[in-house]
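I opened this entry to look up a few surface and core residues.

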Amino acid sequence: MAADSLPSDVVQAIAISNAKSIGEQPAILANLALAQQIFNQNMQQQIALSQQQAMNQVQMAAAAKCVTIIEKAEGCKNQAAIDQMIKDIEKLMDIIKNLE
C-alpha cells in the first residue's frame, strides 16, 4: 500500500490538511452565496434604473407633443379646435398614466 510507504507524520499532515479544507468549506459556500446575492441585487437596481430612464424619455416625448399641440393652437380663436386640443392632451396624459 502507498500509505504504508509514507512516514506517519506525512500521513498525519495530509489528514489535518484535509480536515481543515472540509472545515473551511461552509465559509467558502457562504461567501459564494453572498456574492450571488449582491450580484442579483445589483442587477435588479440596474433594471430599475433603465426602466426609470425609459419612463423619463416617454414623459419627455409626451411633454414635447403637448407643447407642439399648444403651439399649433396658440393663434387659433376657434373653440372647436381648442376643445380638440384639450381632448388630445387628455388622451396623452391617459396613455402616460397607463404606462406607469
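The model is a predicted one. I find Val11 in helix α2, residues 8-73.

**Entry: the surface patch**

I then checked what Val11 belongs to. Leu6, Val10, Val11 and Ile14 form a nonpolar patch on the surface. Together these four have about 280 Å² of accessible area.

**Entry: other residues of α2**

I looked up Ser8 next. Ser8 lies in helix α2. Ser8 is exposed, because its relative accessible area of 62% is over the 50% cut-off. I took one distance from here. Ser8 and Gln25 are 17 residues apart in sequence, and their C-alpha atoms are 26 Å apart in space.

Phe39 is also found in helix α2. I read a relative accessible area of 47% for Phe39, so this residue is partly exposed.

**Entry: helix α3**

I moved on to α3, which covers residues 79-99 and has 21 residues. From first C-alpha to last, α3 reaches 31 Å. That is close to the 30 Å expected at 1.5 Å a residue.

Which residues of α3 are buried? I list Met85, Ile89, Leu92 and Ile96. They cover an arc of only 55 degrees around the axis, so they sit on the same side of α3. The general rule is that an α-helix has 3.6 residues a turn, so residues three or four places apart point the same way.

I checked the other side of α3 as well. Ala80, Lys91, Lys97 and Asn98 are exposed there.

**Entry: the core**

Which residues make up the largest nonpolar core? I find 5 in all: Cys66, Ile69, Met85, Ile89 and Leu92. The elements giving two or more residues to this core are α2 and α3. α3 gives the most, with 3 residues. I note that Met85, Ile89 and Leu92 are also on my list of buried α3 residues.

Key:
Residues are numbered from 1 along each chain as its sequence is written. This is a predicted model: local features need pLDDT of at least 70, side-chain atom pairs count only at pLDDT 80 or more; totals for chains, interfaces and linings use all residues. Side-chain values use heavy atoms; hydrogens and water are left out. Helices (H or I, at least four residues) and strands (E, at least two) are DSSP runs, numbered from the N terminus. The expected span of a helix is 1.5 Å times one less than its number of residues. Buried means under 20% relative accessible area, exposed over 50%, partly exposed in between (1.4 Å probe, protein chains only). The arc is that of the directions from the helix axis to the C-beta atoms. Patches are made of residues with over 30% relative accessible area and no salt bridge: like charges are joined within 9 Å, nonpolar side chains (Val, Leu, Ile, Met, Phe, Trp, Tyr) within 5 Å. Accessible areas come from the Shrake-Rupley method with a 1.4 Å probe; for residues, only the protein chains shown count as cover. A salt bridge is a side-chain nitrogen of Lys or Arg within 4 Å of a carboxyl oxygen of Asp or Glu. A nonpolar core is a set of buried Ala, Val, Leu, Ile, Met, Phe, Trp, Tyr and Cys residues joined through side-chain atoms within 4.5 Å.
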